[in-house]
Amino acid sequence: MTPPSHVLAGRRVLLVEDDYFIAEDLKAEFEEGGAEVLGPVPSVEAALALIAGTAEIDGAVLDINLQDELVYPVADVLHARGVPFLFATGYDAAAVPSLHGAVALCQKPVDPVTVARTLFA
Amino acid sequence: MPIQASRAGGTFKDRFRARFNDRLAALSRVQGLLSRSDQEPITLRALIETELSALAAAALQEQRIRLDGPAVRLRKTTVQTFALALHELATNALKYGALGAPDGRLSVTWRICRADPADRRLRVEWVEEGFPARAETPDARGGYGRQLIERALPYALKARTRYDLRETTLRCGIDLPLPEGDAAGDDPDPPSMTPLP
């Protein structure tokens, strides 16, 4: 099986996560895997601004529940651009009404290996 | 190889477990407030009083704590992150600062500022005075708590924060956006704690 570092190397991955400590951990893990991290950003507004200003995005990990909003507008924009992404959530899959074009729904905590295989393998 | 016991008492694992359980307890106190928040909106004062009553009942009794500010209701989404920050401040005050020293004093004051109609902000000042100077460098105090205040609050709540620890004083300022939903109540909180003379 291809090591995740090969799959992640050079990939530009957007991270949307409102918890600072989780966001920082994810960023560090993805960077160790060789990815270039876009963000992390904590809100829909910040994510949309970042996406609008970034020409190349290879994939994204989206936390569904942000501070007082849901991440779906970000999912719709990524879907329209053809960027593969997955949802990370602490909720059961049954609680998520629609995939909004997501490749997968992952339970938190997500790890870069799973993300790499799901998005890029 | 045995895990080395630290001078703070207990192994790293013991201390980790103790602080982890403390944080869980703080979160569960917040859940208690949140579960009643439909009938009883959560005010900043209630949040601070809940945390201080749990951790520093003695200092409250001895009137070494002063709380002062208008009634401010907090949004549910603000409450959890903010409560953790208060918990870290209170825990550190008990361990290293004003709440652990016999003559230490803590004052928590807050006000609402409005630079323009679209920018309402809540400014909280946490000031500890009168704790004994210690040999440790300021950085020894609360790595996690300090990171929470200096990095996590700006990230998650768009707060502007300041953490100024001197030999015998700590001044921590937290300034966060207060959308119109977080209305100031009509009736001020009753002053359940006596101001310092």
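This is a predicted model: local features need pLDDT of at least 70, side-chain atom pairs count only at pLDDT 80 or more; totals for chains, interfaces and linings use all residues.
**Starting with A:R12**

What does A:R12 touch, once its neighbours within four places in sequence are set aside? The contacts are A:E36, A:L38, A:T54, A:E56, A:I57, A:D58 and A:G59. With one of these, A:E36, there is also a polar contact between the two side chains, at 2.9 Å. A:P97 is another matter: its C-alpha atom is separated from that of A:R12 by 28 Å, and the two residues are 85 places apart along the chain.

Chain A has a cis peptide bond from A:G39 to A:P40, with omega near 0 degrees. A:P40 belongs to strand β2, which covers residues 36-41 of chain A. Another cis bond joins A:K108 and A:P109, and there omega is about -5 degrees. A:P109 is in a loop, the one between β5 (104-107) and α5 (112-120) of chain A.

In general, side chains of opposite charge can pair when their charged atoms come close. Over all chains, the structure holds 20 salt bridges.

**Where the chains meet**

Now for the contact between the chains, to which chain B gives 12 residues and chain A gives 12 residues. The area buried between them is about 960 Å², and carbon and sulfur atoms give 57% of it. On the chain B side, the residues that lose the most area to chain A are B:T77, B:Y155 and B:A156, which together make up 58% of what that side buries.

How many salt bridges run between chain B and chain A? The count is two. One of them pairs B:K158 with A:E45, the closest N and O atoms being 3.5 Å apart.

Which elements of chain B give two or more residues to the side that touches chain A? They are α4 (76-95) and α5 (143-157). The largest share, eight residues, comes from α5(B). By type, that side of chain B divides into six nonpolar, three polar and three charged residues.

| Salt bridge | N to O distance |
|---|---|
| B:K158 and A:E45 | 3.5 Å |

**Around helix α1 of chain B**

B:F16 has its place in helix α1 of chain B, residues 12-35. Together with B:F20 and B:L24, B:F16 forms a nonpolar patch on the surface, and the accessible area of the three comes to about 310 Å².

B:R19 is found in helix α1 of chain B too. Not counting residues up to four places away in sequence, B:R19 touches B:E88, B:T91, B:N92 and B:K95. Take B:T91 from that list: 72 residues separate it from B:R19 in sequence, yet their C-alpha atoms are 9.3 Å apart in space.

Finally, a backbone detail. B:Q63 is a residue other than glycine with a positive phi, near 55 degrees. Where is B:Q63 placed? It is in the loop between α3 (57-61) and β1 (65-68) of chain B.

Technical notes. Residues are numbered from 1 along each chain as its sequence is written. Chains are lettered from A and ligands numbered from 1 in the order in which they are written. Side-chain values use heavy atoms; hydrogens and water are left out. Contact means heavy atoms within 4.5 Å. Buried area is the accessible area (1.4 Å probe) that two parts lose on being put together, summed over both. A salt bridge is a side-chain nitrogen of Lys or Arg within 4 Å of a carboxyl oxygen of Asp or Glu. Helices (H or I, at least four residues) and strands (E, at least two) are DSSP runs, numbered from the N terminus. Ala, Val, Leu, Ile, Met, Phe, Trp, Tyr, Cys and Pro count as nonpolar, Asp, Glu, Lys and Arg as charged, and the others, Gly among them, as polar. Patches are made of residues with over 30% relative accessible area and no salt bridge: like charges are joined within 9 Å, nonpolar side chains (Val, Leu, Ile, Met, Phe, Trp, Tyr) within 5 Å. Accessible areas come from the Shrake-Rupley method with a 1.4 Å probe; for residues, only the protein chains shown count as cover. A polar contact is a pair of N or O atoms within 3.5 Å; within protein, one must be able to donate a hydrogen and the other to accept it, and residues adjacent in sequence count only if both atoms are side-chain atoms.
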